[in-house]
Amino acid sequence: MSAKKKALPRPPAKTAKKKAASSKAVSSKAVRNKAASKSPVRKQPDPHASLLDELVQRATAVRKNAYAPYSRYSVGAAIATKSGRIFEGCNVENASLGATICAERGAIMQMIAAGEREPIACAVVTGGEDGASPCGICRQVLAEFAKDMPIVLVGLGARDGETGHVVQLADLLPLAFDGSALR
Ligand code: THU
């Protein structure tokens, strides 16, 4: 693994709202209303907050390109790298359903093809009432390049505006298989 573990700040417990202790509630009202002038991340105690805002906007935009005729569940993802670049992906389904590629993996493929290998933050945007967590395969693919990073999960469909929260990849995939057994 090329990425070194980064000391990323954890959200203080007081910001967690109706979520597990490892997650942070954020409001995606601005995103939901497509009025990007206001931050979707509440209180912003986190230096990554403005970056997460930008990632949410990019993931929301690319989600419109999702090819999801079978599930009708569109997903957009955006990944920021250490160098300052952002890579996007959307889900691409297939009539052979197992050939479907998730948004997160699409973004990782773009990142690698561009010669980048150090993701530092990710956003995943869906249309449901709450943000959806990356699937197991995507967690493993993300963990190949980042032992840990914040992932903001945003659902665009909630009525109350409390649709997003930040989780840590290391919490989503503890004890990830890291390939050390292969070396
Ligand atoms: N999907 C993603 O894009 N990312 C995930 O982490 C979970 C699922 C997509 C795949 C499929 O096109 C649709 O959502 C329903 O599973």
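Hi everyone, let's start with one side chain: glutamate 54 is partly exposed because its relative accessibility is 36%, where partly exposed sits between buried, under 20% relative accessible area, and exposed, over 50% (1.4 Å probe, protein chains only). Those areas come from the Shrake-Rupley method with a 1.4 Å probe, and for residues only the protein chains shown count as cover.

Before going on, the ground rules. This is a predicted model, in which local features need pLDDT of at least 70 and side-chain atom pairs count only at pLDDT 80 or more, while totals for chains, interfaces and linings use all residues. Residues are numbered from 1 along each chain as its sequence is written, and side-chain values use heavy atoms, with hydrogens and water left out.

Now back to glutamate 54. Its side chain meets that of arginine 58 in a salt bridge, at 3.8 Å from N to O; the cut-off is a side-chain nitrogen of Lys or Arg within 4 Å of a carboxyl oxygen of Asp or Glu.

A word on elements, as I will keep naming them. Helices (H or I, at least four residues) and strands (E, at least two) are DSSP runs, numbered from the N terminus. The chain has five helices and six strands, and along the sequence they follow the pattern β-α-α-β-β-α-β-α-β-β-α. Of its 183 residues, 46% count as buried.

How many salt bridges are there by this rule? The count comes to four. One of them joins glutamate 118 and lysine 82, with the closest N and O atoms 3.7 Å apart. Glutamate 118 is in the loop between α3 and β4, and lysine 82 is in the loop between β2 (76-81) and β3, so this pair ties together parts that are 36 residues apart in sequence. Lysine 82 is exposed at 55% relative accessibility, whereas glutamate 118 is partly exposed at 31%.

Another salt bridge brings together the side chains of glutamate 116 and arginine 85, at 3.9 Å from N to O. Here glutamate 116 lies in the loop between α3 and β4 and arginine 85 in the loop between β2 and β3, so the pair ties together parts 31 residues apart in sequence. Is glutamate 116 buried or exposed? Glutamate 116 counts as buried, at 14% relative accessibility, while arginine 85 is partly exposed at 41%.

Next, the surface. Tyr67, Tyr70, Val92, Leu97 and Ile101 make a nonpolar surface patch of about 480 Å². Patches take residues with over 30% relative accessible area and no salt bridge, joining like charges within 9 Å and nonpolar side chains (Val, Leu, Ile, Met, Phe, Trp, Tyr) within 5 Å.

Most residues other than glycine have a negative phi. Arginine 72, in the loop between α2 and β2, has a positive phi near 55 degrees, and it is exposed at 71% relative accessibility. Leucine 175 also has a positive phi, about 55 degrees, although it is not a glycine. You will find leucine 175 in the segment after α5 (169-172), exposed with a relative accessible area of 88%.
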